Amino acid sequence: MGYIKAEEILPAEVIELIQQYVDGRTIYIPRKQNHRQEWGKSTKIKQELSVRNEQIYKDYRTGLKISELAEKYFLSEKSIQRIIRENRAVDNK
């Protein structure tokens, strides 16, 4: 995410007011609630992670151990356990 100089978009009075709180520091101003996007909506990463997680669960069900999955997918064993738990819950629905 890039940044825009405050002087380019804000009136001097607003800049002076902000400087009373954060003089010279970088701050993040969040989007308005109605303009926010769900995480991963503008990219394919959410779908890619879903496919990866399904493959992890499939590999687990075919007999790979958690430690082997962690090494294969470059994830921690805790992450593998969470993925298996979440996919197992989906299977049991």
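This is a predicted model: local features need pLDDT of at least 70, side-chain atom pairs count only at pLDDT 80 or more; totals for chains, interfaces and linings use all residues.
**Exercise 1. Work out what share of the contacts in the protein between residues at least 6 apart in sequence join residues at least 24 apart, and describe the overall fold.**

Step 1. Among contacts between residues at least 6 apart in sequence, 30% join residues at least 24 apart; contact here means heavy atoms within 4.5 Å. Residues are numbered from 1 along each chain as its sequence is written, and side-chain values use heavy atoms, with hydrogens and water left out.

Step 2. Go for the secondary structure: the protein has 5 helices and 0 strands, in the order α-α-α-α-α along the sequence. Helices (H or I, at least four residues) and strands (E, at least two) are DSSP runs, numbered from the N terminus.

Step 3. Now the overall dimensions. The C-alpha trace spans about 65 × 25 × 20 Å along its principal axes. The radius of gyration is 22 Å, while a compact globule of 93 residues would come out near 12 Å. That radius is taken over C-alpha atoms, and the globule rule is 2.2 Å times the number of residues to the power 0.38.

Step 4. Finish with burial: 14% of the 93 residues are buried (under 20% relative accessible area; exposed is over 50%, partly exposed in between; 1.4 Å probe, protein chains only).

**Exercise 2. Find which residues make up the largest nonpolar core, and which elements supply them.**

Step 1. The core has 8 residues in all: I56, Y57, L69, A70, Y73, I80, I83 and I84. A nonpolar core is a set of buried Ala, Val, Leu, Ile, Met, Phe, Trp, Tyr and Cys residues joined through side-chain atoms within 4.5 Å.

Step 2. Zoom in on I56. Leaving aside neighbours within four places in sequence, I56 is in contact with L69, Y73, L75, I80 and I83.

**Exercise 3. Decide whether D59 and F74 are buried or exposed.**

Step 1. D59 counts as buried because its relative accessible area is 8%. Beyond four places in sequence, D59 is in contact with L64, L69, K72 and Y73.

Step 2. F74 has 76% relative accessibility, so F74 counts as exposed. Check its backbone too: F74 has a positive phi of about 55 degrees, although it is not a glycine.

**Exercise 4. Describe the lining of the second largest pocket.**

Step 1. The volume is about 160 Å³.

Step 2. The lining residues are S50, N53, E54, Y57, E86, N87, V90 and D91. A pocket is an open set of points on a 1 Å grid over the protein atoms alone, where a 1.4 Å probe fits, with protein on both sides within 12 Å along at least five of seven lines; lining residues have an atom within 4 Å of a point.

Step 3. Both α3 (45–61) and α5 (77–91) supply at least two of the lining residues. Y57, part of this lining, also belongs to the largest nonpolar core.

Technical notes:
Grid points are joined across faces, edges and corners, and a volume is the space filled by probe spheres set on the points.
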